[in-house]
Amino acid sequence: MASVDALARTNWEFFAETAPSDRTSRTRPRALLAPRNLLDRRRLCPALHPAEKPYRALLQGDLSGPASLAMRPRGGCKWAAVGPALRVCKGRARDAASPFLVNDSWDCLEMSSAFPECAGVGSRELQNGFINRFKVEIKGDESTYGGRMAQVGIARIGIPPIEQANEDADFVASRGASKLSKDNTPLLASVLFNSAGDVQTTEGYVELASPGPCGHSLRHRLDDWWSGAPVWFLDSSRLTVQVLVEVDLARGFVSLRIGDWSQEALVFKVPGILDDRGTGRPWVPFVALTSVGQQARILDFHVVTEC
């Protein structure tokens with residue numbers, strides 16, 4: 001007659017072929033219940049995750065048309081080059097992917113002279129033929145009177161010579177990015193929105209496509225200059241503002257929003273952004289901080305396409 005130990009010994013060959021949910025023992029008993037049928041499983045377990053409920057209608061609709069696909073390039077929220085008045089501050093570890101750009105040197109008295117001393121450009125280029133979107137957060141310092149004017153937009157920057165890369169090692173170590181200069185990295189083209197409500201470009205004629213929230217306040221001053229756009233001065237009443245720019249490099253549209261993407265957009269048609277004029281240089285995000293104490297960082301950068 002078999003001993004009690006022999007009866008209690010586990011059959012490991014049978015144990016290995018059994019699913020974990022079907023295994024049992026004297027120390028870990030399980031209730032032997034009748035398995036539910038398929039209809040009961042579907043009734044008790046919803047087919048969609050709660051987060052997917054808003055997309056139920058889309059999934060059940062016509063899928064023959066194109067669908068939008070958003071891509072976020074790696075390092076899209078970092079800075080590639082800055083002027084002598086600015087410095088990249090990585091700060092805390094959680095902010096390393098979106099470092100701050102700080103003006104810690106001097107004030108710029110004229111917006112036309114903000115480049116290159118008080119300017120910074122993003123590290124990722126805008127993709128031709130796609131819709132590019134980026135969000136910039138700008139903060140002011142209430143302790144300084146001049147913490148108001150700033151610029152956000154896109155720009156084409158010239159290629160620096162190889163010799164400058166070796167000479168700027170000290171600048172990169174102290175400022176956290178490459179150096180912008182008029183001689184080695186000239187400003188080839190730009191489309192800029194400033195906090196006073198002006199829209200200026202070097203790409204020729206600018207046509208208003210949609211006034212957005214501005215209504216009749218927009219004024220066409222020159223072929224390449226509009227005024228009356230949203231004003232986002234930084235002062236004691238508002239020390240932080242988020243500027244959202246959308247650039248359609250397939251059709252030649254540039255739009256501006258203040259706050260978040262749900263806001264109505266101010267849209268301009270700038271056909272000149274589709275032609276690089278033989279420079280071969282891409283568009284990159286551009287920011288100009290004209291007062292000591294101002295800070296900026298790119299919170300989001302993504303590319304949208306239809307597939």
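These questions and answers walk through the cores and strands of a predicted model.

Visitor: Which residues have the most contacts inside the largest nonpolar core?
Guide: The largest nonpolar core has 44 residues. Leaving aside neighbours within four places in sequence, one of its members touches Trp232, Leu234, Leu239 and Leu289, among others. That member is in contact with Val152 as well. The residues with the most contacts inside this core are Ile138 and Val152.

Visitor: How many residues are in the second, separate core?
Guide: This core includes Ala119, Ile157, Val284 and Phe286. Two strands supply some of these names: β5 covers residues 119–122 and β17 covers residues 284–289. The second core has 15 residues.

Visitor: Which residue of β14 stands opposite Phe134?
Guide: Strand β6 spans residues 131–139. Nine bridges join β6 to β14, and the two run antiparallel. Strand β14 spans residues 240–248, and seven of its nine residues are buried. Opposite Phe134 stands Val245.

Visitor: Which residue in the turn between β14 and β15 has a positive phi?
Guide: β14 pairs with β15 (residues 253–258) in the antiparallel sense over six bridges. Val247 stands opposite Val254 in β15. The hairpin has four residues between its strands. With a phi of about 90°, the residue is Gly252.

Visitor: Which are the edge strands of the open sheet of nine strands?
Guide: The order is β8-β2-β5-β17-β7-β9-β10-β13-β12, with mixed pairing. Within it, β5 and β17 pair in the antiparallel sense over three bridges, and Val121 stands opposite Phe286. An edge strand here pairs on one side only. The edge strands are β8 (178–179) and β12 (219–222).

Terms used: Residues numbered from 1 in each chain as written. Predicted model: local features only at pLDDT ≥ 70, side-chain atom pairs only at ≥ 80, totals over all residues. Heavy atoms only, no water. Core = buried A, V, L, I, M, F, W, Y, C linked by side-chain atoms within 4.5 Å. Buried < 20%, exposed > 50% of the residue type's maximum accessible area, 1.4 Å probe, protein only. Contact = heavy atoms within 4.5 Å. Pairing = 2+ DSSP bridges.
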